[in-house]
Amino acid sequence: MEKNIKYIENIFFDAHSMYADAIFRYCYFKVGDREVAKDITQDVFVKIWEFLVKGENIENMKAYLYKVAHNAVIDFWRKSKSIPDSNLSPLVFENAEASEKTELQAEYSVFLSMLKKISEEDRDLIVMRYVEDMTPGEIAQVLGVRENTISVRITRAVSRLRDIADGNK
């Protein structure tokens with residue numbers, strides 16, 4: 001049993017070190033509150049730990065973590081009984097130089113304003129694909145649909161975003 005626990009601990013700690021920051025960003029992007037995002041991220045990893053301790057196997061850890069995080073965010077909004085008009089909030093550019101922060105925040109502001117003009121489904125796809133750098137296969141696992149369907153939806157979402165960008169020029 002000791003060897004099994006060590007194996008589980010290794011899987012868990014590897015997943016945490018590789019994905020905790022990304023899961024936090026995803027949650028923060030969706031809820032717009034740093035403390036709530038921290039709590040949700042912690043809950044996600046508690047669920048992963050419990051799942052692993054039960055002896056369950058996770059084939060694609062990244063996709064599974066995002067699926068758990070996605071469901072946790074949905075649960076959060078259901079419990080709060082109000083979803084804001086825009087649950088997008090600026091990321092903090094903590095690692096950027098002072099001179100870069102203003103430019104990055106300005107670009108991010110334009111990006112957010114364009115994202116607000118597309119559906120939440122399109123927005124989620126674009127964030128998962130291009131902000132969180134998930135593959136269409138991983139997104140398909142998170143959302144429970146076929147990979148081909150995700151690829152088509154991403155292409156259409158990007159096209160709609162381009163149309164908005166072209167209108168802003």
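H2 passes H3 in a right-handed crossing. The model is predicted, and the two helices, H2 (residues 34-53) and H3 (residues 61-80), pack with their axes 9 Å apart at an angle of about 130°. That angle makes H2 oblique to H3. The protein holds seven helices and zero strands.

**H2 against H3**

- On the H2 side, the residues that meet H3 are Val36, Ile40, Val44, Phe45, Lys47, Ile48 and Phe51.
- On the H3 side, the partners are Met61, Tyr64, Leu65, Val68, Ala69, Ala72, Val73 and Phe76.
- By class, this contact of H2 with H3 comprises 14 nonpolar residues, no polar residues and one charged residue.

**H3 against H6**

- The axes of H3 and H6 cross at roughly 40° and come within 8 Å.
- H3 is therefore oblique to H6, and the crossing of the two is right-handed.
- H3 contributes Lys62, Ala63, Tyr66, Lys67 and His70 to the contact, while H6 contributes Glu138, Gln141, Val142 and Leu143.
- The residues of the contact of H3 with H6 fall into four nonpolar, two polar and three charged.

**H5 against H6**

- Helix H5 (residues 120-131) and helix H6 (residues 136-143) have axes that come within 10 Å and cross at roughly 135°.
- This makes H5 oblique to H6, with a right-handed crossing.
- Leu125, Met128 and Arg129 of H5 make the contact with Pro136, Ile139, Val142 and Leu143 of H6.
- Six nonpolar residues, no polar residues and one charged residue form the contact of H5 with H6.

**Burial of H6**

- H6 is largely enclosed by the rest of the structure, because six of its eight residues are buried.
- The buried residues of H6 are Pro136, Gly137, Glu138, Ile139, Ala140 and Val142.
- Among these buried residues is Glu138, which also takes part in the contact of H6 with H3.
- Val142 is likewise buried; Val142 is listed in the contact with H3 and in the contact with H5.
- Gly144 follows H6 and has a positive phi, near 75°.

- Cys27 has a relative accessibility of 0% and so counts as buried.
- Leaving aside neighbours within four places in sequence, Cys27 is in contact with Gly32, Ala37, Ile40, Thr41, Ala69 and Val73.
- Of these partners of Cys27, Ile40 in H2 and Ala69 and Val73 in H3 also belong to the contact between H2 and H3.
- Tyr19 counts as buried because its relative accessibility is 17%, and the cut-off for buried is under 20%.
- Not counting residues up to four places away in sequence, Tyr19 touches Phe45, Met61, Lys62 and Leu65.
- Phe45, Met61 and Leu65, which Tyr19 touches, are listed in the contact of H2 with H3, whereas Lys62 is listed in the contact of H3 with H6.
- Tyr19 and Leu65 are 46 residues apart along the chain, and their C-alpha atoms are separated by 8.1 Å.

**Whole protein**

- Along the sequence, the protein follows the pattern α-α-α-α-α-α-α.
- Of the 169 residues in the protein, 39% are buried.
- Taking contacts between residues at least 6 apart in sequence, 62% join residues at least 24 apart.

**Confidence**

- The mean pLDDT of the protein is 81, and 79% of its residues reach 70 or more.
- Residues 82-93 have pLDDT below 50; the stretch still has 33 contacts in the model beyond near neighbours in sequence.
- Where pLDDT is low, the predicted coordinates should not be read in detail.

Notes. Residues are numbered from 1 along each chain as its sequence is written. This is a predicted model: local features need pLDDT of at least 70, side-chain atom pairs count only at pLDDT 80 or more; totals for chains, interfaces and linings use all residues. Side-chain values use heavy atoms; hydrogens and water are left out. Buried means under 20% relative accessible area, exposed over 50%, partly exposed in between (1.4 Å probe, protein chains only). Contact means heavy atoms within 4.5 Å. Axes are lines fitted to C-alpha atoms, for helices over the stretch in contact, and angles run from 0 to 180 degrees between N-to-C directions. Helices (H or I, at least four residues) and strands (E, at least two) are DSSP runs, numbered from the N terminus. Angles under 35 degrees count as roughly parallel, over 145 as roughly antiparallel, 65 to 115 as roughly perpendicular and the rest as oblique. A crossing is left-handed if the near helix is turned anticlockwise from the far one by less than a right angle, and right-handed if clockwise. Ala, Val, Leu, Ile, Met, Phe, Trp, Tyr, Cys and Pro count as nonpolar, Asp, Glu, Lys and Arg as charged, and the others, Gly among them, as polar. pLDDT is the predictor's confidence in each residue, from 0 to 100.
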